[in-house]
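Welcome, and please open the model in your viewer. We will go from stop to stop, selecting residues as we go.

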Amino acid sequence: MEHNYGNVIKVERMRKNMKQSVLARGICSISYLSKIENNQTTPSETVLELIFERLEIDIPLYYDFSEKVHEIKFEIREILKEAILSRKDENYIQRIEGYKTNPVVLQSKELYMTLMVTLARFGMMPKGNTNYLIEVGWIADQLDFDNRLRYDILHCLYMFQYQTADRETTIDLLEQVGQRLKNTNMPDWELADMHYIIDLLIICKLLKMYELH
């Protein structure tokens with residue numbers, strides 16, 4: 001199982017609006033902390049414990065949770081699937097947010113990325129928290145192909161809704177993302193959701209052009 005300590009540290013530090021110099025003080029150098037956050041080095045257990053203590057997070061170190069990764073990933077994905085297919089508010093967001101403190105999720109990079117991107121998708125739904133999409137952006141360079149695709153589509157949706165001055169650029173980016181969908185192995189229900197978002201934004205663009213004329 002690929003550990004996820006660097007991503008957790010970076011996200012939790014930025015959630016607390018804490019500078020690297022503050023977190024690193026008395027523990028390690030700023031440059032070393034930067035390498036930890038970018039998963040360029042594996043720190044000692046002592047360093048991790050001190051960082052976690054300062055961030056007030058609790059993660060079991062090097063405990064083998066690998067047998068639970070597939071099970072929990074399936075649970076997270078099924079909640080998202082149910083929410084998207086039903087299009088109803090059935091406390092799905094609260095159920096997903098409950099995984100934020102799950103020790104298996106915090107330790108596994110695969111699970112953590114799955115959760116973060118899923119939270120970002122819920123964040124773009126009615127009553128959602130768009131901060132989750134911003135948080136994924138902090139660690140976007142760590143995403144695999146499919147999760148990066150998910151993030152990019154949601155980012156286009158965010159830009160279209162909240163950065164209206166540059167909607168033309170947003171649509172151009174969206175079309176590029178749409179081309180990349182051809183190379184993904186996402187399930188049909190999720191591809192349908194992706195195309196729904198793309199079509200929705202293109203329709204909004206056309207309606208806006210019609211209004212201007």
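Before moving on, a note on the model: it is predicted, with local features needing pLDDT of at least 70 and side-chain atom pairs counting only at pLDDT 80 or more, while totals for chains, interfaces and linings use all residues. Residues are numbered from 1 along each chain as its sequence is written, and side-chain values use heavy atoms, leaving out hydrogens and water.

**Stop 1: the second largest pocket.** Show Lys-73, Thr-114, Asp-144, Asn-147 and Arg-150, which lie nearest its centre among 17 lining residues. Besides α8, the elements giving two or more residues are α5 and α10. The lining holds four nonpolar, five polar and eight charged residues. A pocket is an open set of points on a 1 Å grid over the protein atoms alone, with protein on both sides within 12 Å along at least five of seven lines; lining residues have an atom within 4 Å of a point. Its volume, the space filled by probe spheres set on the points, is about 240 Å³.

**Stop 2: the largest pocket.** This one holds about 450 Å³ of space. Select Lys-88, Phe-122, Met-124, Met-125 and Pro-126, the closest to its centre of the 19 lining residues. By class, twelve of the lining residues are nonpolar, two polar and five charged.

**Stop 3: a cavity.** The whole structure has one cavity of 30 Å³ or more; a cavity is a set of grid points where a 1.4 Å probe fits but cannot get out. The largest cavity has about 80 Å³ of space. Its lining includes Arg-77, Val-117, Arg-150 and Asp-193, and α12 gives the largest share, four residues.

**Stop 4: helix α9.** Select residues 131-138 and find Tyr-132, Leu-133, Glu-135 and Val-136, which are buried (under 20% relative accessible area, 1.4 Å probe, protein chains only). These four lie on the same side of α9, because they cover an arc of only 160 degrees around the axis, taken from the directions from the helix axis to the C-beta atoms. They pack against α1 (5-15), α6, α8 and α10.

**Stop 5: Ile-51.** Finish by selecting Ile-51, which is in contact (heavy atoms within 4.5 Å) with Ile-9, Leu-23, Ile-27, Leu-33 and Ile-36, leaving aside neighbours within four places in sequence.

How values were computed. Ala, Val, Leu, Ile, Met, Phe, Trp, Tyr, Cys and Pro count as nonpolar, Asp, Glu, Lys and Arg as charged, and the others, Gly among them, as polar. Buried means under 20% relative accessible area, exposed over 50%, partly exposed in between (1.4 Å probe, protein chains only).
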